[in-house]
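Here is a short briefing on one protein model.

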Amino acid sequence: MNSPHFPAGMLRWEIDGSAGDEDMTSDSEVRRRPLTSYVSRAEDENEVRRLIGEGRLVTLTGAGGVGKTRLAAQVASSLTRDFPGGVAVAGLGELRDERLVPRAVADSLGLHDTAGHTDLDAVVAYLRPRRSLLLLDNCEHLRDGSVDLVTALLRDCRDLVVLATSRCSLGLAGEQVLTIPPLAVPDDEVGTPEAALAFGAVRLFAERAANVLPAFEVTEGNVADVVRLCRGLDGLPLAIELAAARIRVLSPSQIADRVEQNSAVLASGLRMPVERHRTLRATIEWSHSLCTETERIVWARCSVFAGQFDLAGVEAVCAGEGELDSLAVLDAVDGLVDKSVLARVDGTDKVHYRMLRLLREYGGRQLADSGDELTVARKHRDHYARLIAQAADAWFGPGQDEAFERLTAAHADIREALSWSLRTPGESPVALEMATGTIEYWVARGAAWELRDWIDRALDAAPPETRGRARGLAIAALCAALHADLPRARRRLAAAEALDDEDAAPYIAHASAFVRMLATEPNSMIRAAEAVRIFGERGDVRRQMHPMFIQGVAQAYRGDLPGARVLLGSMRRLCEEAGEYRFRSMALFGLGVAEVCFGGDLDEGERCIRAALEIDLRASDVLSAAYRVDGLAWVAARREEWVHAAELFGTAATLWDRCGAEPDVAVTLSHRMFRQATRDALGEARFDATFAEGRRRSPYDALSDPPSVPVGEPAVLAPLTPRESEIARLVADGLSNREIAARLVIARRTVETHLQHISHKLDFVNRTQLAVWVQQRPL
């Protein structure tokens, strides 16, 4: 969605090329610290790099648990310098819907959906001019969607290279397939620890065992048993991980004995394409047999989660009246983490958990066999329905950031809950309620197209008499209008009005006002005022905000600048009193547009737009920041500061590109008018040169110049703090996160936190961009 009326989602760092375990994270399995440790596969890495150099599609295949994802991530992180357009990672492991494959790639690129364009259109438009590497991870369960996506990307993006991981090839022309073998294992004759540790399987076991039992090491006394164990596990990383988790209570000899005893046990719930990998199935089955009964129940029920989940989620699907209590669930989670069935994911304020797909598939089969699948799935759906409702209640206030972060962390499971509700008879009304609960969240993610699809599917599936149908139709009309699809918006509005549902009246008035505003039709202000009035009578201040914005801007368009000031000023005060900032930025921008474009106080307009930009940059709201920087260019053009205006248009253009967006119909007239005036004043050549210079600048440069610094002191790199400036300089000097931590005598996690803050402030996606930016700063 390209609208100044709703803020954009947060950008994320791309893979960091300095070290394989220092990647900034996104929602991909590749970018999270994985359950399986990475052990160097120099020959495999070199072969993957060679194939990438020779072709445009390389697929790493092999059985689950063999290490395809980690190998692909390691290679990708080493190639950032070879792909100046960036290395992007899209993990498909959390998806269960073919339709969402293009959205996953758009998310990985930080793209916002745009008017008149699908997610695939946005991805193609972004990648077409760039030499980029796209890592598409875990394709096998969404093979058709993956094939369609890759076919379109390779056809339309000539400089794009795709590295895919899958349990089977994609079957496309020109595809180079590399089957990944297990880790190397030593021969029986290898008898010294030094010789055994030269093999990847032994090294992985030693590392993971030491993580569980720090005193563990491979010695002369246990090396034969460690070798026997790794050979018995066929060198499969996941099997080795699970076996090593038992080192606290069993010796290598005891673990090896049990692996041999269980080597004939086949876990029928797993689909392993190679018979020799029966050992992995046996290892998972063995891990399951070593769990307590409660741990087995929790393992099975946690398989319903599609992505990461917290303890509250586990309790929601596992605990309940007459079942397990919260303490028993906590103990089971602790045991499953100890056994490496669940992986701990540390967050800023709470711990989350994840389960590898193979373990989730096994647990899913156990859940199906238990007969509890439907009950647990409904509990899962109800938990995320409550999460959305809680976020809606907290959105208009100081809890907005936390609500956004909680929904973002739960996004994969929100999708799964919606999908389950749509495919399960009688549950579609809940899907409609969930999809329409917090529209601001979806728009902030840049995923209004996805929301529109969920609402449309829920409306199609829900019975005509469904409560809230008229409201859903009105919100669907609003979503269509966000994409400038006015014919569909009008059809949805007509259907909503035909139901004559009083509860839907303010929603219909809101959507109607927006459609009329975009179509420059009369009565936009009247319909917006109606929505504001009714929502106000119901005490729904949050839903008053956008129609209040529409009403205020419409008043300015009609020449009533004083009225626009009063209304938008009231909107601003309501936000300030509530401690809300996203709608506050919207109100400030509206005030700025009214002053700049309709003959008001230019200085006041600039102050309002700058204040809005400050909010957006603090929130890493890149799409909204693009509108604000563009608005500051209008201010400069009004003052006939043509060079400054051209630079600001260039800075805004970089932000538009980063979101895969452009100024939409809501501001396009002002944008085109002021930009053309600037081009005419400077001449085409000078405008283009100044515009290009502006493209290289940070949006923070639009706010203020770097502060002066006393001689002899290192300059603070605005907008960074002194410590962030220090870390940025060390990154520019080529130091890794580990080396920076040692130099500054701080924790490595502290370094990573500072880098995340820097990425949000500067809208950079990798260390190379940061290094170049530091080098370009004045001494």
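Threonine 520 counts as exposed, because its relative accessibility is 71% and exposed means over 50%. The model is predicted.

**Two loop residues with positive phi**
- Most residues other than glycine have a negative phi.
- Threonine 520 is not a glycine, yet its phi is positive, near 50°.
- Threonine 520 sits in the loop between helix H24 (505-518) and helix H25 (524-537).
- Asparagine 138 also is not a glycine, and its phi is positive at about 65°.
- The loop that holds asparagine 138 lies between strand E3 (132-137) and helix H5 (143-156).
- Asparagine 138 counts as buried because its relative accessibility is 9%, and buried means under 20%.

**The sheet**
- Five strands make an open sheet, in the order E2-E3-E4-E1-E5, with parallel pairing.
- Strand E2 (87-91) and E5 are the edge strands, and each pairs on one side only.
- On average, neighbouring strands of this sheet are turned by 15° against each other, direction ignored.

**The E2 side**
- E2 and E3 run parallel and are joined by five bridges.
- Glycine 91 stands opposite aspartate 137 in E3.
- Helix H3 (residues 101-108) packs on the sheet and touches E2 and E3.
- The direction of H3 makes about 140° with that of E2.

**The E5 side**
- Strand E1 (residues 57-61) pairs with E5 in the parallel sense, over four bridges.
- Threonine 59 stands opposite valine 177 in E5.
- Side chains alternate along strand E5 (residues 176-179).
- Gln176 and Leu178 point to one face and are buried.

Key: Residues numbered from 1 in each chain as written. Predicted model: local features only at pLDDT ≥ 70, side-chain atom pairs only at ≥ 80, totals over all residues. Heavy atoms only, no water. Buried < 20%, exposed > 50% of the residue type's maximum accessible area, 1.4 Å probe, protein only. Pairing = 2+ DSSP bridges. Axes fitted to C-alpha atoms, helices over the stretch in contact; angles between N-to-C directions. Contact = heavy atoms within 4.5 Å.
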